[in-house]
Amino acid sequence: MTQQKPPGRLQKAPENFLGQDLIQEITTQGLNEQRRSFLRRSFAATLGTAAGLASSKAMAADVFEGDPAILNLPEYSRTLGLPVATSPYGQPSKYEKNLQRRESPGLTRVGAASVSFCPLQGMFGIITANGLHFERHHQGWHDIDPQQHRLMVNGLVSNPSVFTMDDIMRLPSVSRMHFIECGANTGMEWGNVAVPTVQYTHGMLSCCEFTGVPLSTILDACGIDRKRARFILAEGADGSSMTRTISLERAMDDVMVAYGMNGEMLRPENGYPLRLVVPGVQGVSWVKWLRRIEVGDMPYATKDETVHYIDLMPDGTHRQYTSIQECKSVITTPSGGQQLIDKGYFNISGIAWSGRGKVKRVDVSVDGGKNWRTARLETPVLSKCLTRFNIDWVWNGGAAILQSRAIDETGYVQPQMRQLREVRGAKSIYHNNAIQSWQVAETGEVGNVHVS
Ligand code: MTE
């Protein structure tokens, strides 16, 4: 495998790290020719700066003179459309069917596939559509009958209880918007693997409005022993025996036993009928198909926190219980695999988030980190939730490197990969929140690069 080193600070990933077949597959499936040309069209027609406005006016005139799509009245303007409820549960347009969650071609499958990535490149705002939420299962998923499902609370409580779904759903509920990110998100970049698209670099990330009962309400109802209790253990009903320790302080703060997701019940693959929502904390603690909560006085040191989801540090020790997802951001458009059609105006758009609270600022660079400008944060800016940012850019047709750098309300600044490696070494898999770089070539092709 040859390592290309173009001039300057750029270090491009080996061309053939995935193999030409896979690259071809990504081009034809993952990036969707239809979406590429949509990008071309919409980018070319964008307004916003004097130059952009002038060129789009000229283009609008051309379109009016020659485009049959605007001159001829289409069939659908002259005929009766479909009746209501043709699709009792609404589906996206057939023209959007390439917008899918996908398995990464760069990951080795062991038995059944266990990760599907969210297509961040095709999404707007901050909310993930339920059908596009990423999935991570350790032992597959089941569609559990809510009538049969139970939640047991035991351990250091005076009133150990078993709840039915009806019991849970009559309790006081809250609805809150939060991101969920797998601790392994962006993991392949640790190994100098420049994964080609934002779907595969950052797609183990989603954001929803969750509805459920505060865990504190349930623990109080069960008579938690506040003097002795220090931790809880959450256990899932699937065959993976997924169990995670959560500190009592966090459990009594904003953790939620959730059944709702974006206004409807959870999807089966996301934990239906009950999952834990642990805002700001890595996805593995968001135990799905939640069936038991035990209250205890020390961490449980289960397999999913001692052997898995640990960080190998440069001195050879393992760091356990790295819970918080630190401040991070990524540009979703333009991003790897997309194509700029022409010089001129583009809206650079992306998302930022922090497990410690709100995003305070996002800076964007188009020259690989030499100069930075502050982006517009779209509202709402919520705690432990995705924040959408946008910034104007006039592309001069030359090579460019696009980066975003988020800062959260604690003042923490998203690090460069080099800074992260100084602390964490090179052998990690989890918790990569480094600045992502997208290289724009003179041809307009956008690709993933590692900037040292
Ligand atoms: N809970 C159970 N019971 N079983 C699992 O395999 N996977 C965990 C967590 N909760 C898992 C689980 C991991 S590793 C992640 S990242 C999130 O669920 C993924 O949630 P999602 O599939 O809804 O995106």
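I count two strands as paired if DSSP finds at least two bridges between them. Helices (H or I, at least four residues) and strands (E, at least two) are DSSP runs, numbered from the N terminus.

Ground rules for this one: it is a predicted model, where local features need pLDDT of at least 70, side-chain atom pairs count only at pLDDT 80 or more, and totals for chains, interfaces and linings use all residues. Residues are numbered from 1 along each chain as its sequence is written, and side-chain values use heavy atoms, with hydrogens and water left out.

**E4 and its partners.** I looked up strand E4 (residues 150–155) and found it antiparallel to strand E5 (residues 161–164), with 4 bridges. Leu 151 has Phe 163 in E5 as its bridge partner. The two strands make a hairpin, with 5 residues between them. E4 also pairs with strand E13 (residues 290–296), this time parallel, over 4 bridges. There, Asn 154 is bridged to Glu 294.

**On to E7.** Strand E7 (residues 205–214) has 9 of its 10 residues buried (under 20% relative accessible area; exposed is over 50%, partly exposed in between; 1.4 Å probe, protein chains only). Strand E6 (residues 174–181) runs antiparallel to E7 over 8 bridges, and Val 174 bridges to Gly 212 in E7. Strand E10 (residues 256–261) is joined to E7 by 5 bridges, also antiparallel. Phe 210 finds its partner in Met 261 of E10.

**Cysteines.** I checked for disulfides (a pair of cysteine sulfur atoms within 2.5 Å) and got 0. Cys 208 is in none; the nearest cysteine sulfur, that of Cys 207, is 6.7 Å away. Cys 208 is buried at 0% relative accessible area, and Cys 222 is buried at 0% too.
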